[in-house]
Amino acid sequence: MFTGNKYINKKTGLKLLVYALVIGLFWLKMYYIQTNIFTLGVENANEANILAFNPLSSIFLLFGVGILLARRRGMFAAYILGSILLYVNVLFYREYNDFITIPMLNQVANLADLGGSITTIISPADLWLFVDVIAAGFLLFYLKPSRFQAFTPKRPEGIVLAIVAIPLFIVNLQWAETERTDLLERTFDRNMLVKYIGVLNYHMYDIVLQGKTEMKKTLADSNELVPVINYLNENKKEDSDRLEGAAEGKNVIAISLESTQTFVVDNTLHGEELTPYFNDLKEEGIYFDNFYHQVKQGRTSDSEFLLANSLYPLNRGAVFFTHSGNEYKAMPGVLGENGYFSNSMHANDKTFWNRNVMYDSLGYDEFYSKEDYEVTTEKSHGWGYLDEYFFEDSLNKMKELDQPFYSKMITLTNHYPFTLPEELKLIEEGETSSGTLNRYFQTIRYQDEALKKFVEDFKNSELYDDTILVIYGDHFGISENHQEAMGEYLGKEINEYEQFQLQRVPFLIYGKDIEPEENHTVGGQVDLRPTLMNLLGIEDENPVQFGHDLLDEDRRQLMITRDGNFANEEYVGIQGTCYDRETGEEVEDGAACEDGFSAAQEELEMSDSIVYGDLLRYLDETELVTEDEQSESNEE
């Protein structure tokens, strides 16, 4: 009996040891990635302990399912798949400072165009992230035959591991909610979710979220549109007469400047201006210096969505992929109904960001893509057609268009990883600790020179008298992963407030009869459509718009980011913390930002309901609340 117990203990002990080693190896990798590669903002010892504990439930579930499906081979396959998922998140995080969502997986077609971006993101040191896979394989398969036989995972053991994962996750979640209540309701903040429940648990929760969103369109009905319209009516200001119709009947050229942030405007490097031409041009038009991008995972396509619809983009994935089949009352279509020939010009593959499908839904008459330009190797670099040639060819196309027309142009050259041929580098690289930022200065300078040639040619063309230019940045170029280098360049610490302010992008309205002014109103890309429609003097009958005319001096000044943060005339609210917008100092009275955070959450939820439920299909049959009825309701 003693001998039998000894044998059983020895055998069981060896099995438990192998389990512990394999689980421990994967835990070490997850912990290293979550603490050293991801910037999760751990603020205290309790959060640090949660971050160390949160990988366990997902690891137990991952290996438990693997063993249940294919025993030892299943466990090793689970190890490999888990490692790949972690590494894909590492790559994605390096470029976008974000985590992958299921809707983003629908955009794999975009990967074919990443080119040099991928090679820049991958580091030779990343091989160390896979050394543990070899060690795990040795433990599972290459022990001595006598011991090898001792470790044979059985399917019931897989069930046990999976079951143990449940209480581990419950403990994890309850522990996390001591730091952040209602954690799983904060789906807008993926950084927070990963910090508290771990990257693999986050992905499992993302699957749950995807299931919910798939059901929303199926179960939606016209009644869901009514509270949205009522809310927008309550917050709608009486239309301003300021500059209304100032560009009536004129052509519109909207230029989306790739990855262009406001910090480069009026700034220098090595004593030379980074955007000398734009610095002068903004003095001749209406320039907005407190204008923010509001994009999320869809980047440039999100900025297009904001411009066309005055709706917020989604927090997960890109609307251009996930909801391209929705019915929209978009600006290109509305302009078409008012006699405009609406078109988009972008010298990239027409399928990139699913534009060839989405543009039909937005009501564009024509899409001039890569196949419509004379793209050659000599005229291309990095992501494709160099801006100088794109501008030249596009202007020639516009000269042949029926008027009035609306042309939206999207530039390419100032795109990560921000490289240029030697002969096009008009300024020396920066000298910060970030190669990305150092190269960014050069592509920004090149873009400004290409813009100069376009605008000067435009001024000398017959289009000048009857056309306005709308020039804006589409999204950030330098992510918060480069805060240290940005601080070196700007000469100050890049804290939470400063990082928020770096999300400002330039916005300029320029034309022959546009009186110059510097406008300090706080706004964002969701405001582009109502501002432009006011200038054109076109009555926009779509009541479902969250933006406001930036030229209206009585407008509600509120800019909401996709993360649920905001800026208004007085304050900036970031993740529950309130700052004075002018000084950047934290406001002791946190209640000062409560209304802003509340409005941000409410508007984002309403905008999401429009997209997820495809609610604009019900617009014609929805009974609207009139202004008189609304006034009577408010009085009661």
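1. Over residues 50-69 the chain is 95% helix and 0% strand, with the end C-alpha atoms 30 Å apart. Helices here are DSSP runs of H or I of at least four residues, strands are runs of E of at least two, and both are numbered from the N terminus. This is a predicted model, in which local features need pLDDT of at least 70 and side-chain atom pairs count only at pLDDT 80 or more, while totals for chains, interfaces and linings use all residues. Residues are numbered from 1 along each chain as its sequence is written, and side-chain values use heavy atoms, with hydrogens and water left out.

2. The span 50-69 is among those that an unreviewed UniProt entry labels "transmembrane region", together with 12-30, 76-94, 114-143 and 158-176. UniProt positions follow the numbering used here, feature names are shortened, and annotations may be inferred rather than shown by experiment. Residues 12-30 are 100% helix and 0% strand, and their end C-alpha atoms are 27 Å apart.

3. The protein is divided into domain 1 (10-217) and domain 2 (241-547), the bounds coming from an automatic or database domain assignment. The centres of the two domains, taken over C-alpha atoms, are separated by 38 Å.

4. The unreviewed UniProt entry places "domain: Sulfatase N-terminal" at residues 250-538. That span is 34% helix and 18% strand, and its end C-alpha atoms lie 11 Å apart.

5. Between the domains, 31 residues of domain 1 are in contact (heavy atoms within 4.5 Å) with 22 residues of domain 2. About 2,100 Å² is buried between domain 1 and domain 2, 45% of it on carbon and sulfur atoms. Buried area is the accessible area (1.4 Å probe) that two parts lose on being put together, summed over both.

6. One salt bridge is counted between domain 1 and domain 2; the term requires a side-chain nitrogen of Lys or Arg within 4 Å of a carboxyl oxygen of Asp or Glu. Arg 316 forms a salt bridge with Asp 206, and the closest N and O atoms are 2.6 Å apart.

7. On the side of domain 1 that touches domain 2, at least two residues each are supplied by helix H3 (55-96), helix H4 (102-105), helix H5 (116-121) and helix H10 (199-219). The residues of this side divide into twelve nonpolar, twelve polar and seven charged. Nonpolar covers Ala, Val, Leu, Ile, Met, Phe, Trp, Tyr, Cys and Pro, charged covers Asp, Glu, Lys and Arg, and the others, Gly among them, count as polar.

8. The peptide bond from Gln 403 to Pro 404 is cis, with omega near 0 degrees; Pro 404 is in the loop between helix H17 (387-399) and strand S10 (405-410). The bond from Tyr 416 to Pro 417 is also cis, with omega near 15 degrees, and Pro 417 is in the loop between S10 and helix H18 (435-459).
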